[in-house]
Amino acid sequence: MLDKNIEKIAIVNQYLVKHKDEFNKDIGGIIKDIRISKKISIEEFSSMVSTSSSYVCQIEQGNNGLSLIKFLLICNALKEKPNHFLDNFLYYDDDNEDILFKELQNDKNISRNLINYMRKKG
């Protein structure tokens, strides 16, 4: 059983690394959607996360990945818990593992399917 779980974790992690650009775009899109829904301008948001407006645009377009500290600043600015963004990309329990692995096996488009699932769930 342990070997099967290790294999699944490795497959999911390899997929995420290989598709990090898609992941960055998906996370950036979620950040932008939440920012807009909360009626926060890019200028206000960039000030809240201690960065430039152009960098916020790059994040929202998925052109830049996030450091952990920037990610936490964004979570605080949007008043969202980190798990709101990440739960469905992490492999840590049976429910999540099943979603990740089944989506990966079904059509090899894990990030888009999981983003859609997360939006429906949340």
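The following questions and answers concern a predicted model of one protein chain.

Colleague: Which elements, helices or strands, does the chain have, and how many?
Modeller: The model is predicted. Read from the N terminus, the elements run α-α-α-α-α-α-α-α. The chain has 0 strands, and its helices number 8.

Colleague: What percentage of the residues in the chain is buried?
Modeller: A residue counts as buried when its relative accessible area is under 20%. The chain has 122 residues, and the buried share is 37%.

Colleague: What share of the accessible surface belongs to carbon and sulfur atoms?
Modeller: The accessible surface of the chain is about 7500 Å². Carbon and sulfur atoms account for 53%.

Colleague: Of the contacts with a separation of 6 or more, what share is between residues 24 or more positions apart?
Modeller: A contact requires heavy atoms within 4.5 Å. Among contacts in the chain with a separation of 6 or more, the share from residues 24 or more positions apart is 58%.

Colleague: Is the aromatic pair of Phe71 and Phe85 stacked or edge-to-face?
Modeller: The count of aromatic pairs is 1. The ring centres of Phe71 and Phe85 lie 5.7 Å apart, with 75° between the planes. Planes over 60 degrees apart fall in one class, so the pair is edge-to-face.

Colleague: Which helices does this pair link?
Modeller: Phe71 and Phe85 are 14 residues apart, and the pair links distant parts of the chain. Phe71 lies in residues 68–78 and Phe85 in residues 82–86, that is, in helix H5 and helix H6.

Conventions: Residues numbered from 1 in each chain as written. Predicted model: local features only at pLDDT ≥ 70, side-chain atom pairs only at ≥ 80, totals over all residues. Heavy atoms only, no water. Helix = DSSP H or I, 4+ residues; strand = E, 2+ residues; numbered from the N terminus. Buried < 20%, exposed > 50% of the residue type's maximum accessible area, 1.4 Å probe, protein only. Areas by Shrake-Rupley, 256 points an atom, 1.4 Å probe, with all protein chains shown as cover. Phe/Tyr/Trp six-rings, centres within 6.5 Å; stacked < 30°, edge-to-face > 60°.
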